[in-house]
Amino acid sequence: MARKILLVALGALLIAALVLPTTAGARDRNAPLEGVGEGLELIANVEYSGGTDMEFLTIKGRDYAFAGDWGGSDGGGLHVIDITTPPKPKEVATLDCSISQADIQIAADNRTLIMAADSTGSPDACLMFSKKGFMTVDISNPLKPKPLGVAEIPRGSHNTTAHPTKPYVYNSDSELTVPGEIQIWSIKNPAKPELVNTISSLPHSPHDISFNRDGTLAVTAAISHFDIFDTRDPENPRLLWTGQCPGCSITHDAKFTPDGSHIIIGDEGGGGGSYPCPGGALYFYQLQGTKAQPVPVLTSMFEPQEVLIARGQTGPGGCTSHVLDISEDSTKLSISWYSAGTHYLDISNPVGLTFGSVGLGLKELGWFIPVNGDSWSSKMYKGPYIYSNDLNRGFDVYKITS
């Protein structure tokens, strides 16, 4: 998320919004399963406030969501939620380490979780007290997550990216300081992360980084541009391409489809502050050329229907694309749109300009805007379900009905 680069006035507005009372609160209650939508049904909630990023893992036959919490009524940290039976999610553990913004990654060993901190931790930040960077957490026993080590980074960690097959973490500080940089850390010993290289990112650092499935390519969403790197040697990436999506104000999230055929880029219009619907769009690039020298070619873009007030979204909340996820078969996409809820797309034919369900190629299969919703991340994991981690509501479970 790009909130750290907003003007002071916007930042103050956001802070005020986060500390105002909301319907979120005690963990023994649930946020209302109410709202408006089509193709998605809101079926369950685990309530807390400050929900940000999340990842999923199956451990000893049970499915878990590891959901970050920026800090709300319960102080922030990590929520471990058993989703083996999705209609009945159960919070089975917490790690009460209040870290901003609590971007979550799971390392290739499937035992180590990474929590990012882009501001100095207070005394309740566990190992991140007085530090910025990222903290490693042992999740081999998901019922007892345990802080392990710290990578202390002066510019902080707005987002981190775990290599999909090797014990490395790429750091995105999202700072506009010139020149920018990408730090590469080894977590071969998760208790003692080691900085192995720092490479330039011009003119400034990325907001976020994603790898392709085998870790041989990486794409950065770097606010004013996006870059593609050759990462066959993960300690020494090599720049292959730089460009920018047309009309993008804050290139926020960029991901490869699992089949490697496309890159999808989100524009976080307004940086997460108040912003009119439909907000920043999604841009779809087909990768042409060769794997050694890919050439991204813009083929499509998507925005939800313009008249979102009719769908239940009311100002002056942020309304723009945010954290997205792509199905393993590369045909479906889920995405958070802040106060405009969660959206679910068919991306099997990403061609043409699409507004909502009207357009070519891309098709919106479902959407839902819950009561008091402000969705940060919306992701899929097994079966016909989408999970949303929400700043106001906590953890929502949607069933795909379309």
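Author: Let's start at Asp118, which sits in the loop between strand S8 (112–117) and strand S9 (133–138). Strands here are DSSP runs of E at least two residues long, helices are runs of H or I of at least four, and both are numbered from the N terminus. Before going further: this is a predicted model, where local features need pLDDT of at least 70 and side-chain atom pairs count only at pLDDT 80 or more, while totals for chains, interfaces and linings use all residues. Residues are numbered from 1 along each chain as its sequence is written, and side-chain values use heavy atoms, with hydrogens and water left out.

Asp118 has a relative accessibility of 11%, so it counts as buried; the cut-offs are under 20% relative accessible area for buried, over 50% for exposed and partly exposed in between, with a 1.4 Å probe and protein chains only. What does the side chain of Asp118 meet at 2.7 Å? It makes a polar contact with the side chain of His158. That term covers a pair of N or O atoms within 3.5 Å; within protein, one must be able to donate a hydrogen and the other to accept it, and residues adjacent in sequence count only if both atoms are side-chain atoms.

Most residues other than glycine have a negative phi, and most peptide bonds are trans. Ala102, in strand S7 (residues 101–106), has a positive phi near 60°, and it is buried with a relative accessible area of 0%. Ser174 has a positive phi as well, near 65°; this residue is in the loop between S12 and S13 and is also buried, at 0%. That loop, between strand S12 (168–172) and strand S13 (180–186), holds Pro179 too. The bond joining Val178 and Pro179 is cis, with omega about 0°. Another cis peptide bond runs from Leu202 to Pro203, again with omega near 0°, and Pro203 is in the loop between strand S14 (194–201) and strand S15 (208–211).

S15 brings us to an open sheet of four strands, ordered S15-S16-S17-S18 with antiparallel pairing; two strands pair if DSSP finds at least two bridges between them. S15 and strand S18 (238–243) are the edge strands, each pairing on one side only. On average, neighbouring strands in this sheet are turned by 20° against each other, direction ignored; the axes are lines fitted to C-alpha atoms, for helices over the stretch in contact, and angles run from 0 to 180 degrees between N-to-C directions. S15 is joined to strand S16 (residues 217–221) by four bridges, and Asp208 stands opposite Ala221 in S16.

There's another open antiparallel sheet of four strands, in the order S3-S4-S5-S6. Strand S3 (51–59) and strand S6 (90–95) are at its edges with a single partner strand each, so one side of each has no neighbour in the sheet. Neighbouring strands here are turned by 25° on average, direction ignored. S3 and strand S4 (residues 62–69) run antiparallel and are joined by seven bridges, with Arg62 in S4 as the bridge partner of Ile59.

Last stop: strand S30. Six of the six residues in S30 (residues 385–390) are buried, so the strand is largely enclosed by the rest of the structure. Side chains in a regular strand alternate between the two faces of the sheet. In S30 both faces are covered, with Tyr385, Tyr387 and Asn389 buried on one side and Ile386, Ser388 and Asp390 buried on the other. Strand S29 (residues 375–380) runs antiparallel to S30 through five bridges, and Met380 stands opposite Ile386. The hairpin of S29 and S30 has four residues between the strands, including Lys382 with a positive phi near 60°. S30 also pairs with strand S31 (residues 394–400), antiparallel over six bridges; Asn389 is opposite Phe395 there, and a hairpin of three residues links the two strands.

Stepping back, the protein chain has one helix and 31 strands, and 59% of its 402 residues are buried.
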